[in-house]
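Here is a friendly tour of one protein model, meant to be read with the coordinates open beside you.

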Amino acid sequence: MSTLDWRAGAGQALHGEIAIPGDKSVSHRAIMFASLADGESLVDGFLEGEDTRATAAIFAKLGVRIDASGAGSRVVQGVGIDGLHGCGETLDCGNAGTGMRLLAGLLAGQRFDSVLSGDASLSIRPMARVIEPITRMGGLIESKAGGLPPLRIHGGRALHGIDYTLPVASAQVKSALLLAGLYARGETHIHEPHPTRDYSERMLQAFGWPIAFGPGWVRLSGGHRLRATQVQVPADFSSAAFFIVAASLVPGSDLLLRAVGMNPRRTGLLTVLRAMGADITQTPCGEQGGEPVADLRVRHARLRGIAVPEQCVPDMIDEFPVLFAAAALAEGSTVVTGAAELRVKESDRIATMATGLRALGARIDETPDGAVIHGGTLHGGDTHAHGDHRIAMALVVAAQCASGEVGIADCANVATSFPGFDELARGVGFGIRG
Ligand code: S3P
């Protein structure tokens, strides 16, 4: 991977209207379900990021014809639920935990063996959380010691459904089990400690698979087929989050974000920012791919620290890096608890954000499952994104309110989820250069 360092600092007040790229979670799933469907599916608004392209490349290797009919458009010739072919090559998921975990479930139900690998960050992320329940379903997955990738997934196994309560709230684990459940005899019934994003459930329904679900539970049986359909991917709320926080922080800002995906399992950050005093108006503008979308107008406001309600954590799990930036610049302290999952994301996001913001003068007390962030002012300094896309973008946001220039090392992975972030950001007034 090439290295990329950014320098960022105070720009102008943020103004204008922007469109955010497609949702990463929805893009991964659209490729997967379209590949397994009977017939031709169209995917529009597909995220042209490295993670989602890695998933598309894997399905191409497994025998699915996927044509790019333009940027953000894919035409997928589905091969049917049993139509994938093993290719004998290692399947590289890149930086994507979603890709690897969901594929582990899907590939456990195939007739052929597969090997899934990933980059340095993905190679130290926990996979026991999917291996253990898939084993209970009758699957066989070998990993490195401690449940780490690469994963060697044995095919030709007879899977059966299970009744399973997830030990951690994880849409990735839930989705892996649903994908294995497509190939299992009998019913797969999953319960969650807290409801997580339900894109797999909604999309399976859209592709015609019988499924029953509600907040915190989902049930399906194997032995059906998927019907090709058209998927419109909404704009990714998690990518919008960097602009929402930056416009809240930078005095004089007034920014409009067009048609952002508003799935309630993704928008916990809005609840928390509003409780901190943010000025965000939301105008619903219909649905895209069965997901509510809204225009968001964000104006500068003075933010105050709060105790983040633990029930909001799963609904904003990807937004903590940027929330830490907001909290470091708010008045008073922000307390985050119940967020130990942050330690096993693309980096240990509690540690990497605490270290990055401390280098800019913030006071942060780390705890095992969160942090206390004491708000104040930030100065310039040198920071490191540790190859984590969201840490890089969160530090760029923090830099917009720093009194000096901020160096951010190791930002190339921003392309995994938000290609073109720096250009879009510069266009509305951010101070950022490569
Ligand atoms: C995702 C689920 C979340 C999230 C990740 C994408 C998904 O992970 O952090 O960026 O697409 O299902 P967990 O479900 O492991 O919390």
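Setting aside neighbours within four places in sequence, glutamate 201 is in contact (heavy atoms within 4.5 Å) with Lys174, Leu178, Ile211, Phe213 and Val218. Glutamate 201 sits in helix H6, residues 199-206; helices here are DSSP runs of H or I with at least four residues, strands are runs of E with at least two, and both are numbered from the N terminus. At a relative accessible area of 2%, glutamate 201 is buried, where buried means under 20% relative accessible area, exposed over 50%, and partly exposed in between (1.4 Å probe, protein chains only).

Before going further, a word on the model. This is a predicted model, in which local features need pLDDT of at least 70 and side-chain atom pairs count only at pLDDT 80 or more, while totals for chains, interfaces and linings use all residues. Residues are numbered from 1 along each chain as its sequence is written, and side-chain values use heavy atoms, with hydrogens and water left out.

The protein chain is divided into domain 1 (6-22 + 234-433) and domain 2 (24-212), with bounds that come from an automatic or database domain assignment. Their C-alpha centres lie 28 Å apart. At the interface, 26 residues of domain 1 are in contact with 24 residues of domain 2.

The area buried between the two domains is about 2,100 Å², and carbon and sulfur atoms give 47% of that. Buried area here is the accessible area (1.4 Å probe) that two parts lose on being put together, summed over both. Arg265, Glu346 and Thr416 supply 26% of the area that domain 1 buries against domain 2, more than any other three residues.

What polar pairing does the rule find across the interface of domain 1 and domain 2? There are 12 residue pairs in polar contact, both residues at pLDDT 80 or more. A polar contact is a pair of N or O atoms within 3.5 Å; within protein, one must be able to donate a hydrogen and the other to accept it, and residues adjacent in sequence count only if both atoms are side-chain atoms. On the side of domain 1 that touches domain 2, strand S17 (291-299), helix H11 (389-399) and helix H12 (414-417) each supply at least two residues. H12 gives the largest share of that side, three residues. By type, the residues on that side divide into eight nonpolar, eight polar and 10 charged; Ala, Val, Leu, Ile, Met, Phe, Trp, Tyr, Cys and Pro count as nonpolar, Asp, Glu, Lys and Arg as charged, and the others, Gly among them, as polar.

H11 is mostly covered, with 11 of its 11 residues buried; among them are His389, Ile391, Met393 and Leu395. At the start of H11, a side-chain oxygen of aspartate 388 reaches to within 3.0 Å of the backbone nitrogen of arginine 390.

Threonine 352 belongs to helix H10 (residues 349-358) and is buried, with a relative accessible area of 9%. Beyond its neighbours within four places in sequence, threonine 352 is in contact with Ser347, His386 and Ile391. Its C-alpha atom is separated by 7.2 Å from that of alanine 385, which is 33 residues away along the chain.

**Salt bridges**

The count comes to 32 salt bridges, each being a side-chain nitrogen of Lys or Arg within 4 Å of a carboxyl oxygen of Asp or Glu. Between domain 1 and domain 2 the count is four. Here are some of the pairs:

| Pair | Closest N to O |
|---|---|
| Arginine 202 and aspartate 198 | 3.0 Å |
| Aspartate 279 and arginine 299 | 3.8 Å |
| Arginine 125 and glutamate 346 | 3.8 Å |

How exposed are the partners? Arginine 202 is partly exposed at 25% relative accessible area, whereas aspartate 198 is buried at 14%. Aspartate 279 is partly exposed at 30%, and arginine 299 is partly exposed at 28%. Aspartate 279 lies in strand S16 (residues 279-288) and arginine 299 in strand S17, 20 residues apart, so this pair links distant parts of the chain. Salt bridges that share partners also join Arg125, Arg197, Asp318, Glu346, Arg349, Asp388 and Arg390 into one network.
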